[in-house]
Amino acid sequence: MAALLQVENVSKHFGGFTALAGVSLDIAQGERFGLIGPNGSGKTTLINCISGALRNEAGKIVFQGKEIGGLPAYRRTRLGIARSFQIPRPFHSMSVLENLLVPLQYVAHGKEEEVFAILKKIGLADKAQALSSQLSQVELRKLELARAMAARPRLLISDEAMAGLSGAEVDEVLKILFDLNAEGITIIMIEHIMHAVMRFSQRVVCLDAGRIICEGTPASIVQNADVQRAYLGA
Amino acid sequence: MKYSIGAAAFLVAAVGAALSGAVNEYFFYAAYVVLTFVVLATAWNILGGYAGYVNFGTGAFFGLGSYSAVVLFKALSAPLAVQIVAAAAVGAALGFGVGIMTLRLRGIFFAIATVAILFIMETLMVNWRYVGGATGLQLLRPDVMAPFSSYTRMLFVVMALLAVVAVSVARYVQVSWIGRGLRAIRDSEEAAEASGVPTLRLKVFACTISGALMGAAGAPMPMYLSFIEPASTFSLNWGVSALAMPMIGGTAHWIGPVLGALLLGSIQQIVTVTISNEINVLVVGVLLVLFVVLAPDGIYGLCRKWLRSSK
């Protein structure tokens, strides 16, 4: 399989703090990829570098054969990288529908019906006209995913879309992500809810202190001594 | 369609009033200033209201427009229309330059930068002998054009036209894809960027358009006063009013700054005549505080709330 996204030796520092120290990853077309690691291990920094919210200092980020490290975030979205935010950032003065119209107009140049189809798929259809500031936590998470979908991405980065949700709600969001992947969208999932990552991912990478400490199938990751040490501090 | 009819009716009424002998001359003298505020408040709202980037430097754009007009008038005796177009171009250029340099700054830092630009402009003009330096320049108005009976009446109609242009531009920006992008920027810049909105480009565009309209609004001012000097031309009061009016009227809709400017501008004119010129700033301040506390969405927001609850 040809790699959709190649991260080569990417580094990022904040002052004296090393957030990423030479991270390399290949993500294949259509893959369900899990990214785990303790708090502060660099997961969000890595996807900020991939999505363009931050610029990597060293290394290369290649998407569909094109180096994108120097592009602003909106250009990367237009190339097909969409993300959801860990802390939901809805356009709070807009309705749910209008939230999705932003990427629809700026990226996909599609018709409004497309937005309704996405809302239906994600289970927000009855909230289309609601103001996004009036949504519940799980609805906000879904809105994050729906808005990312409206940009018609090839790669979807889900940054802790399930944090703080109940068991049933986690299953609901997982099902949405499975369905999107079945349509051919490559998904990077960042998550602390282990059973969700393990069920979802075909391959998992564990970061600790800005380095990849382990890579493999979900089953092998759980058994890995380094991963256990990173999480449990033993 | 409704909007075009309304705008046309307003212009016809303005021209009709200016040509009729029945209306007192003072009305035009006062209404000119109110209309100037309509243009300034509307222009301010394109960046400040839609995109949420607070500009305190309205005076810099307005004043530069005034001085551009004066230079053209003094050097080439250029007609008023040319002065206005040139002032808009200079205002746009300043907006573009300021935008490129400062719009990477977010929130309060951008606001501070705009205050600095105001002082830079004033200092430049104070030190420019050709336009009169700190003492200013007395200007002789050219003859009034037919069919108007006085220069003030003509300037009133010119400003009415500029107000319609400004409001139409603001309305277009609001309802188009640009407006949706600017609102996204105001709500969350990171999310806007992640949704494919070219945030810097849109902000610079808004700043350029806003600057052009402010510059144009400043162009007829020297002829209105027959005089120009830097201190009042680059007064911070322009910026405060241009900010207060949309806040009072409502920043989310193009009608907001229009309502705010008509209300606050008229009160200011009445207070100037009946009490004193000094009270003006106090009126702006008190009303602004009242609205920010009691009706943060302005008159427009209040009306919408009231309409919704009466349904």
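This is a predicted model: local features need pLDDT of at least 70, side-chain atom pairs count only at pLDDT 80 or more; totals for chains, interfaces and linings use all residues.
Residues are numbered from 1 along each chain as its sequence is written, and chains are lettered from A in the order in which they are written.

Chain A has 9 helices and 10 strands, where helices (H or I, at least four residues) and strands (E, at least two) are DSSP runs numbered from the N terminus. Its radius of gyration, taken over C-alpha atoms, is 17 Å, which agrees with the value near 17 Å for a compact globule of 234 residues; that globule rule is 2.2 Å times the number of residues to the power 0.38. Along its principal axes, the C-alpha trace of chain A spans about 50 × 40 × 35 Å.

An open sheet of 6 strands in chain A has the order β6-β7-β8-β3-β9-β10, with mixed pairing, two strands being paired if DSSP finds at least two bridges between them. Because β6 (81-84) and β10 (211-216) of chain A each have a single partner strand, they stand at the edges, and one side of each is left without a neighbour in the sheet.

Helix α6 (residues 167-182) of chain A lies across β3 (32-36), β7 and β8 (186-190) of chain A, at about 155 degrees to β8(A), whereas helix α9 (residues 225-232) of chain A lies across β9 (203-208) and β10, at about 130 degrees to β10(A). These angles run from 0 to 180 degrees between N-to-C directions, with axes fitted to C-alpha atoms, for helices over the stretch in contact.

Leaving aside neighbours within four places in sequence, I188(A) is in contact with residues including F33(A), L35(A), L155(A) and I157(A), a contact meaning that C-beta atoms, placed from the backbone, lie within 7 Å.

Between the chains, 21 residues of chain A are in contact with 16 residues of chain B. On the side of chain A that touches chain B, α2 (73-79) and α3 (96-108) of chain A each supply at least two residues, and α3(A) gives the most, with 6 residues.

How values were computed
Two residues are in contact if their C-beta atoms, placed from the backbone, lie within 7 Å.
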